[in-house]
Amino acid sequence: MTPALSNASWHERHLARRLEARGEVGLVDALLGFKGIVIAGRHRIESLYAVGGEGAVYLTRDLSDPDAGCSVAKIALLPLHKPFRLDARAIRRQREGIRIEARYLHGSGSRFLPTHEALLEFENPLLDSARGGAFGEPEPLLLMEKLPGRDLDRWLARMHRSGVPRAHMRRTLDRVTVVLLQALVDLYDRGFFYADLRPANLRVIGRPERVVRLLDAGSLVTVHDQSGRFPHVPAYLPPALFRERLAGRKITPSAATQAVMAGRTLYEVATGLVPHPGDDVNLALLRDSNVSSPVAEVIDGLCRGDFVHVRHAYRFLAKRASRRVHGGNDPTRVTQNVVDAEPPHATRATNGKSATAPAAALVAKPSSSANTAPGTRSQPSPPVAAAESTSGASTQSGGLFRWLRRLFR
């Protein structure tokens with residue numbers, strides 16, 4: 001064990017073993033050299049958190065507010081363990097990727113992404129500034145919110161093999177499907193595609209927020225980007241696009257491509273099986289999967305390419321929802337108010353006037369509750385379950401229990 005790893009945490013040693021298995025021996029030792037650096041006089045780098053394909057992520061602490069939680073800082077990933085591979089052009093390209101990610105994250109303002117905190121610069125002590133050029137230029141650092149919870153791929157691996165009752169899995173996975181479609185529609189309305197769409201980039205957050213959020217802002221691509229910037233994992237690309245990539249042709253994101261990628265991701269969510277690059281998924285497995293029939297139907301259509309936009313899939317699912325969450329899955333709210341679904345164009349009486357029901361997030365109706373009496377609510381579902389409800393008070397318009405519940409809420 002090297003001196004750097006002897007003082008490393010268990011998590012950092014685990015990262016070192018993973019990278020050594022990929023042939024990057026010594027990379028973590030070099031990246032640990034950033035620990036203890038104070039950025040902008042207040043943000044101290046505490047520990048190495050993750051290593052991706054384009055950046056290294058660290059936990060940081062604000063020295064001006066010791067009681068605040070940690071943030072995460074992303075720095076361009078450079079081959080610091082192999083100095084002979086350091087190239088000025090590659091260094092500038094990696095740094096520009098961090099600046100683009102910071103600009104997109106700040107510009108999107110989506111509640112489904114981490115909160116942008118700052119884009120800072122500092123002198124990289126691990127590069128020889130005497131070489132001049134890119135080696136002496138400031139290093140950009142993207143500071144953003146640290147999302148709690150667990151990565152969806154790890155959560156799925158545990159749930160699919162642990163024998164969780166199908167009814168409980170179904171409620172949770174239906175909500176994951178709904179929130180992912182919500183997030184993709186929200187980002188498109190803000191001018192972005194999410195290119196690297198895979199469960200590892202989704203974070204399942206438990207109580208009290210109980211939402212699902214997208215983890216890596218580096219996967220954002222503008223809807224009009226024709227440069228060929230398309231971070232992706234081959235298993236989630238549409239098979240035709242995968243073949244074009246193998247042929248060396250430039251691929252660009254589109255709404256139809258986003259829809260198929262969402263379908264392949266949700267196929268893994270429903271079945272626990274990772275799609276094979278370049279091959280169509282086995283849609284017959286959706287019939288006995290851990291999602292409800294309406295959600296399975298939507299995933300089937302997405303994988304086949306029947307939906308040219310994820311918005312159409314979301315609207316298709318909205319017509320088959322049995323429960324709705326007002327305001328969507330808003331991570332800034334502790335509770336989410338659930339009401340029974342109404343027909344798409346239903347109206348309600350308000351002081352003698354007719355008012356259209358507000359837009360709301362939806363939860364697909366589980367097939368196991370097909371025989372449930374009209375008006376009966378199903379139980380809230382993690383990780384983005386709604387506020388607790390009771391069957392006795394749900395059918396009354398103004399009972400004492402409902403009044404007390406609203407008072408304490």
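Confidence in this predicted model, given as pLDDT (the predictor's score for each residue, from 0 to 100), averages 79 over the protein, with 77% of the residues at 70 or more. Residues are numbered from 1 along each chain as its sequence is written, and side-chain values use heavy atoms, with hydrogens and water left out. Because this is a predicted model, local features need pLDDT of at least 70 and side-chain atom pairs count only at pLDDT 80 or more, while totals for chains, interfaces and linings use all residues.

Helices (H or I, at least four residues) and strands (E, at least two) are DSSP runs, numbered from the N terminus. Where pLDDT is low, the predicted coordinates should not be read in detail.

Next, the sheet. Six strands form an open sheet in the order β1-β2-β3-β4-β6-β5, with antiparallel pairing; strands count as paired if DSSP finds at least two bridges between them. At the edges sit β1 and β5, each pairing on one side only. Strand β2 (residues 43–51) and strand β3 (residues 55–62) run antiparallel and are joined by 7 bridges; arginine 44 has arginine 61 in β3 as its bridge partner. Helix α4 packs on this sheet and touches β4, β5 and β6, its direction making about 30° with that of β6. For such angles, axes are lines fitted to C-alpha atoms, for helices over the stretch in contact, and values run from 0 to 180 degrees between N-to-C directions.

What about the inside? A nonpolar core is a set of buried Ala, Val, Leu, Ile, Met, Phe, Trp, Tyr and Cys residues joined through side-chain atoms within 4.5 Å. Buried means under 20% relative accessible area, exposed over 50%, and partly exposed in between (1.4 Å probe, protein chains only). The largest core holds 66 residues, and Leu152, Leu181, Tyr194, Leu214, Leu220, Ile299 and Leu302 have the most contacts inside it. Helix α6 (residues 166–189) supplies its largest share, 11 residues. Beyond four places in sequence, isoleucine 299 touches Gly263, Leu266, Tyr267, Ala270, Leu286 and Val291. A second, separate core has 33 residues, including Val28, Leu48, Ala73 and Leu78.

The whole structure contains 15 salt bridges, each a side-chain nitrogen of Lys or Arg within 4 Å of a carboxyl oxygen of Asp or Glu. One of them pairs glutamate 12 with lysine 35 at 3.3 Å, N to O. Glutamate 12 belongs to helix α2 (residues 10–21), whereas lysine 35 is in the loop between α3 (27–31) and β1 (38–39), 23 residues away. Glutamate 12 is buried at 0% relative accessible area, while lysine 35 is partly exposed at 30%.

Aspartate 216 and lysine 74 also meet at 3.3 Å, N to O. Aspartate 216 lies in the loop between β10 (212–214) and β11 (220–222) and lysine 74 in strand β4 (residues 71–76), so this bridge ties together parts 142 residues apart in sequence. Lysine 74 is buried, at 9% relative accessibility.

Arginine 92 and glutamate 137 form another bridge, with the closest N and O atoms 2.9 Å apart. Arginine 92 is in helix α4 (residues 88–108) and glutamate 137 in the loop between β5 (116–122) and β6, so parts 45 residues apart in sequence are tied together. Salt bridges that share partners join Arg92, Arg95, Glu137 and Glu139 into one network.

Notes. Contact = heavy atoms within 4.5 Å.
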